Amino acid sequence: MNIENAQQQVDDWIKTHGVRYFNELTNMAQLTEEVGEVARIIARRYGEQSEKESDKDKDLGEELADVIFVVLCLANQTGIDLQEAFENKLTLKTKRDHKRHHNNQKLK
(Lines give C-alpha, C1' and ligand atoms only; values in the text may rest on other atoms or scores of the structure.)
Protein backbone atom coordinates (compact mmCIF):
# COMPACT_ATOMS: atom_id res chain seq x y z
CA MET A 1 0.00 0.00 0.00
CA ASN A 2 1.30 3.46 -0.79
CA ILE A 3 0.49 6.66 1.06
CA GLU A 4 -2.01 7.82 -1.57
CA ASN A 5 -3.97 4.59 -1.13
CA ALA A 6 -3.78 4.91 2.65
CA GLN A 7 -5.17 8.44 2.47
CA GLN A 8 -8.05 7.17 0.35
CA GLN A 9 -8.73 4.28 2.73
CA VAL A 10 -8.89 6.67 5.68
CA ASP A 11 -11.21 9.00 3.76
CA ASP A 12 -13.48 6.08 2.87
CA TRP A 13 -13.48 4.92 6.50
CA ILE A 14 -14.35 8.38 7.78
CA LYS A 15 -17.22 8.68 5.31
CA THR A 16 -18.53 5.19 6.13
CA HIS A 17 -17.94 4.92 9.88
CA GLY A 18 -16.86 8.27 11.23
CA VAL A 19 -19.63 10.58 9.92
CA ARG A 20 -17.10 13.39 9.31
CA TYR A 21 -13.54 14.39 10.17
CA PHE A 22 -12.95 15.95 13.57
CA ASN A 23 -11.76 19.51 13.09
CA GLU A 24 -8.05 20.13 12.62
CA LEU A 25 -7.46 21.28 16.20
CA THR A 26 -9.15 18.19 17.61
CA ASN A 27 -7.09 15.96 15.32
CA MET A 28 -3.92 17.79 16.36
CA ALA A 29 -4.78 17.09 19.99
CA GLN A 30 -5.46 13.46 19.12
CA LEU A 31 -2.12 13.23 17.32
CA THR A 32 -0.35 14.60 20.38
CA GLU A 33 -2.14 12.05 22.56
CA GLU A 34 -1.21 9.15 20.27
CA VAL A 35 2.44 10.23 20.05
CA GLY A 36 2.43 10.39 23.86
CA GLU A 37 1.25 6.78 24.01
CA VAL A 38 4.08 5.74 21.66
CA ALA A 39 6.56 7.67 23.81
CA ARG A 40 5.30 5.99 26.98
CA ILE A 41 5.79 2.50 25.54
CA ILE A 42 9.25 3.26 24.17
CA ALA A 43 10.42 5.03 27.34
CA ARG A 44 9.40 2.09 29.50
CA ARG A 45 10.15 -0.81 27.20
CA TYR A 46 13.39 0.42 25.62
CA GLY A 47 14.40 3.29 27.89
CA GLU A 48 15.41 3.45 31.50
CA GLN A 49 11.97 3.77 33.06
CA SER A 50 10.43 0.63 34.51
CA GLU A 51 7.43 -0.75 32.70
CA LYS A 52 4.23 -0.93 34.72
CA GLU A 53 2.39 -4.23 34.71
CA SER A 54 -0.60 -2.48 33.09
CA ASP A 55 1.61 -1.32 30.17
CA LYS A 56 3.22 -4.68 29.36
CA ASP A 57 0.54 -5.76 26.90
CA LYS A 58 0.37 -2.41 25.07
CA ASP A 59 1.02 -2.91 21.37
CA LEU A 60 3.60 -0.48 19.96
CA GLY A 61 2.54 -1.32 16.40
CA GLU A 62 -1.07 -0.47 17.18
CA GLU A 63 -0.06 2.85 18.72
CA LEU A 64 2.15 3.72 15.74
CA ALA A 65 -0.78 2.88 13.46
CA ASP A 66 -2.92 5.31 15.48
CA VAL A 67 -0.34 8.03 14.79
CA ILE A 68 -0.38 7.25 11.07
CA PHE A 69 -4.19 7.26 10.98
CA VAL A 70 -4.44 10.73 12.53
CA VAL A 71 -1.63 12.08 10.30
CA LEU A 72 -3.55 10.80 7.27
CA CYS A 73 -6.72 12.47 8.57
CA LEU A 74 -4.89 15.78 8.93
CA ALA A 75 -3.42 15.46 5.44
CA ASN A 76 -6.83 14.70 3.95
CA GLN A 77 -8.67 17.51 5.62
CA THR A 78 -5.99 20.10 4.78
CA GLY A 79 -5.63 19.02 1.14
CA ILE A 80 -2.10 17.63 1.42
CA ASP A 81 -0.95 14.96 -1.03
CA LEU A 82 1.16 13.13 1.53
CA GLN A 83 2.62 10.76 -1.08
CA GLU A 84 4.07 13.71 -2.98
CA ALA A 85 5.15 15.51 0.19
CA PHE A 86 6.93 12.39 1.46
CA GLU A 87 8.70 11.78 -1.83
CA ASN A 88 9.84 15.42 -1.91
CA LYS A 89 11.06 15.17 1.68
CA LEU A 90 13.00 11.97 0.95
CA THR A 91 14.69 13.63 -2.03
CA LEU A 92 15.60 16.66 0.09
CA LYS A 93 16.96 14.53 2.95
CA THR A 94 18.97 12.40 0.52
CA LYS A 95 20.66 15.44 -0.97
CA ARG A 96 21.16 17.18 2.36
CA ASP A 97 22.11 14.36 4.70
CA HIS A 98 23.99 11.66 2.76
CA LYS A 99 27.49 13.00 3.28
CA ARG A 100 26.65 14.54 6.64
CA HIS A 101 25.68 11.18 8.15
CA HIS A 102 28.56 9.31 6.54
CA ASN A 103 30.98 11.90 7.93
CA ASN A 104 29.47 11.95 11.40
CA GLN A 105 32.01 10.40 13.75
CA LYS A 106 29.29 9.79 16.35
CA LEU A 107 27.68 7.27 13.99
CA LYS A 108 30.86 5.22 13.42
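**Helix crossing, salt bridges and exposure**

Modeller: In this predicted model, the axes of helix α1 (residues 3-18) and helix α3 (residues 60-77) come within 9 Å and cross at roughly 85°. Residues are numbered from 1 along each chain as its sequence is written, and side-chain values use heavy atoms, without hydrogens and water. Local features need pLDDT of at least 70 and side-chain atom pairs count only at pLDDT 80 or more, while totals for chains, interfaces and linings use all residues.

Colleague: What makes a stretch a helix here?

Modeller: Helices are DSSP runs of H or I with at least four residues, strands are runs of E with at least two, and numbering starts at the N terminus.

Colleague: Which residues of α1 and α3 meet?

Modeller: Contact means heavy atoms within 4.5 Å. I3, A6, Q7, V10, D11, W13 and I14 of α1 meet F69, L72, C73, A75 and N76 of α3. These residues divide into nine nonpolar, two polar and one charged. Nonpolar covers Ala, Val, Leu, Ile, Met, Phe, Trp, Tyr, Cys and Pro; charged covers Asp, Glu, Lys and Arg; the others, Gly among them, are polar.

Colleague: What makes R44 and D55 a salt bridge?

Modeller: The rule asks for a side-chain nitrogen of Lys or Arg within 4 Å of a carboxyl oxygen of Asp or Glu. In R44 and D55 the closest N and O atoms are 3.9 Å apart, and the pair counts. R44 is in helix α2 (residues 24-45) and D55 in the loop between α2 and α3, so the pair, eleven residues apart, links distant parts of the chain. Both R44 and D55 are buried.

Colleague: How many salt bridges does this rule give?

Modeller: Eight. Side chains of opposite charge can pair when their charged atoms come close.

Colleague: What about R96 and D97: buried or exposed?

Modeller: R96 is partly exposed at 47%. D97 is buried at 3%. Their side chains meet in a salt bridge of 2.8 Å, N to O. Salt bridges with shared partners join K93, R96, D97 and R100 into one network.

Colleague: What makes V19 stand out in its backbone?

Modeller: V19 has phi near 70°, a positive value in a residue other than glycine. V19 is in the loop between α1 and α2 and is exposed, with a relative accessible area of 76%.

Colleague: F22 is in that loop too. Which residues does F22 contact?

Modeller: Beyond its neighbours within four places in sequence, F22 touches N27, Q30 and Q77. F22 and Q77 are 55 residues apart along the chain, with C-alpha atoms 9.2 Å apart. F22 is partly exposed, at 45%.

Colleague: And which residues does R40 contact?

Modeller: R40, in helix α2, contacts K52 and D55, leaving aside neighbours within four places in sequence. R40 is partly exposed at 32%.

Colleague: What is the confidence in the chain?

Modeller: pLDDT is the predictor's confidence in each residue, from 0 to 100. The mean for the protein chain is 94, and 100% of its residues reach 70 or more.

Definitions and conventions. Axes are lines fitted to C-alpha atoms, for helices over the stretch in contact, and angles run from 0 to 180 degrees between N-to-C directions. Buried means under 20% relative accessible area, exposed over 50%, partly exposed in between (1.4 Å probe, protein chains only).
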